[in-house]
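Dear colleague,

Please find the structure below for your study. My findings follow it.

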Amino acid sequence: MSETRIERRFAALKAEGRAGLVTFVTAGDPDHATSAALLKGLPAAGADLIEMGMPFTDPMADGPAIQASNLRALKSGATLRRTLDLVRDFRAGDDDTPIVLMGYFNPIYSYGVEAFLDAARTAGVDGLIVVDLPPEEDNELCIPALRAGLNFIRLATPTTDEKRLPRVLTNTSGFLYYVSIAGITGAAAPDSGKVAARIAEIRRHTDLPIGVGFGIRSAEQAAAIARFADAAVVGSALVEKFANGATAEAGLKALLGLVAELADGVRGARTDKRAVAGE
Amino acid sequence: MNNPNTFRAGPDETGHFGMYGGRFVAETLMPLILELEEAYEAAQADPSFQAELDDYLAHYVGRPSPLYFAERLTEHLGGAKIYMKRDELNHTGAHKINNCMGQILLARRMGKRRIIAETGAGQHGVATATVAARFGLPCVIYMGETDIERQKPNVFRMRLLGAEVRSVTSGSRTLKDAMNEALRDWVTNVDDTFYIIGTVAGPHPYPAMVRDFQAVIGNETREQMQAREGRLPDSLVACIGGGSNAMGLFHPFLDDPDVAIYGVEAAGHGLESGAHAASLTGGRPGVLHGNRTYLLQDDDGQIAEAHSISAGLDYPGIGPEHAWLHDTGRVTYVSATDKEALEAFQLLSRLEGILPALEPSHALAHVIKLAPTLPGDHLMVMNLCGRGDKDIFTIAEALGTTI
């Protein structure tokens, strides 16, 4: 099977000897045009991978910041079709930065799984994270997505014990997303020592790159994660930054500013040689 | 679809009733759900668990509930002989406690120290707060802000029972949002918390487990009808939000083909108005809250807001087993409007001296349509699953009076 953009990007990061920055924004928040402009600005600001939320009325795993961004997007007319339009527009100017769509299953199910996969691949989507599809429901979307040449990125969590981990890793591709805390997005900051130990355990079971997310808000926290993980994922902090802007333009500027800070943190993390996770 | 030779065997090992049900939850919750499934299977196989539950049902809940012949209603409607399964006489005033008692005993077996629940009308919240008080466990109830407003008596009852009622201000601020918030709590408090889901929905094993705990309604009805009339009833009628009282009554009769079964959804302002809670009639299959089932949703798969005068029926989904019984045709699903339910409420109050909750008033509205078309030897059972005291403010407002 040919390499996906996600696989190429992680290989390149590895060659550079640094971790990547994955930035999450909700598609269509606060409106389609601003969202399109924001997407285009992310790679230059330092995002290595883009994770884009597919708006849903009932985001059960998300905290208040991302819930609110989902509702803002929906209010301005966001749909799954429009989300794919955003990806297509972005791809016209950037053929390298991987895009992962993240969300919940119902809008995809409603669209029709095969039709969605076809449209997503054509638009330039590289991978999917669907929160409410555990391995037990692999036949719904995971297997068809892999067959369609998309990566299916699974979440492993603090409750995923050694016994369950192999099940979670089976059919996971692109990278593994380690959820650093038991909780919802934007909640408490992770204890990076504990997370590092857990990542080391998980690496015994897989060669996949591992991204770590949930609760990372600052450049310092991102750097701490980037010392041992292959990528740090930041979402709620960016979405909040954006929402707090007095105007959409101000919000956009503030968000891209935070992305640049986070990218600096992530890129500088391993210059301290003691911390290189090279074993 | 395969034509099943039994309607009572589901779910399969993966928690599916036909294509419905399943385990659509975040990975963080998956190990917890597997642990719950294992614990529930062990409890079912342990006679001491059932014995303990039966003891509490008899002496704390007040079971069996009577099967009452509604003589004046029968006369008034001039058709079928109408019986009412009086689950509104249970402790706390509704069928909800049958399930709560089962689940809290299971929580204790599992060593869980904290209880959470979602509630719509507040009946499940009150029942959960009640059993939590009885067993000395801290309890948090999630309730939509809109429901808190229209069910004040139940909010106060929960607080009197020592529960913390958390107001949910996200989304439509009703039952579905309360369930989202309870799931968010569970995913955050994975070590010590037991989530008591109040209806036959959610990820496997909840739909089957809640049904099993509610099946006491149907099992008693079989025995009581045999004792009263020497045979099984000809028809059953129950209201459906998530569908736990209905499933509890229906399930023991699913393999008796001569028993006609009717589930009554809430048609709100009317099906054509769009403001209703009839997921089977007005929705299509989708995935929400851990299971695939019929959902009210728009073309993009966004969940629509339900409407019903009854907070307990105001949910855009329905239990997955109902979805399957609908597709197989074993159960006939119909609906009743806010207005029909209000009229039914008043009729029963005056004819039988019983104030029904607005939820079973929907079932009664269908009884009112159906009974006159049937002969006098037709035995009909309606599940009177809750009492109406909690609804008096809503009803007063609908009738244009103040209390």
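What is the mean pLDDT of chain A? The mean pLDDT (the predictor's confidence in each residue, from 0 to 100) of chain A is 94, and 96% of its residues reach 70 or more. Over residues 273-279 of chain A, however, the pLDDT is below 50, and this stretch has four contacts (heavy atoms within 4.5 Å) beyond near neighbours in sequence. Where pLDDT is low, the predicted coordinates should not be read in detail.

This is a predicted model, in which local features need pLDDT of at least 70, side-chain atom pairs count only at pLDDT 80 or more, and totals for chains, interfaces and linings use all residues. Residues are numbered from 1 along each chain as its sequence is written, chains are lettered from A and ligands numbered from 1 in the order in which they are written, and side-chain values use heavy atoms, with hydrogens and water left out.

In chain A, the axes (lines fitted to C-alpha atoms, for helices over the stretch in contact, with angles from 0 to 180 degrees between N-to-C directions) of helix α4 (residues 80-93) and helix α6 (residues 113-123) come within 8 Å and cross at roughly 25°. Helices here are DSSP runs of H or I, at least four residues, numbered from the N terminus. α4(A) and α6(A) are therefore roughly parallel to each other (angles under 35 degrees).

In chain B, Lys96(B) lies in helix α4 (residues 96-109).

Yours sincerely

How values were computed: Helices (H or I, at least four residues) and strands (E, at least two) are DSSP runs, numbered from the N terminus. Angles under 35 degrees count as roughly parallel, over 145 as roughly antiparallel, 65 to 115 as roughly perpendicular and the rest as oblique.
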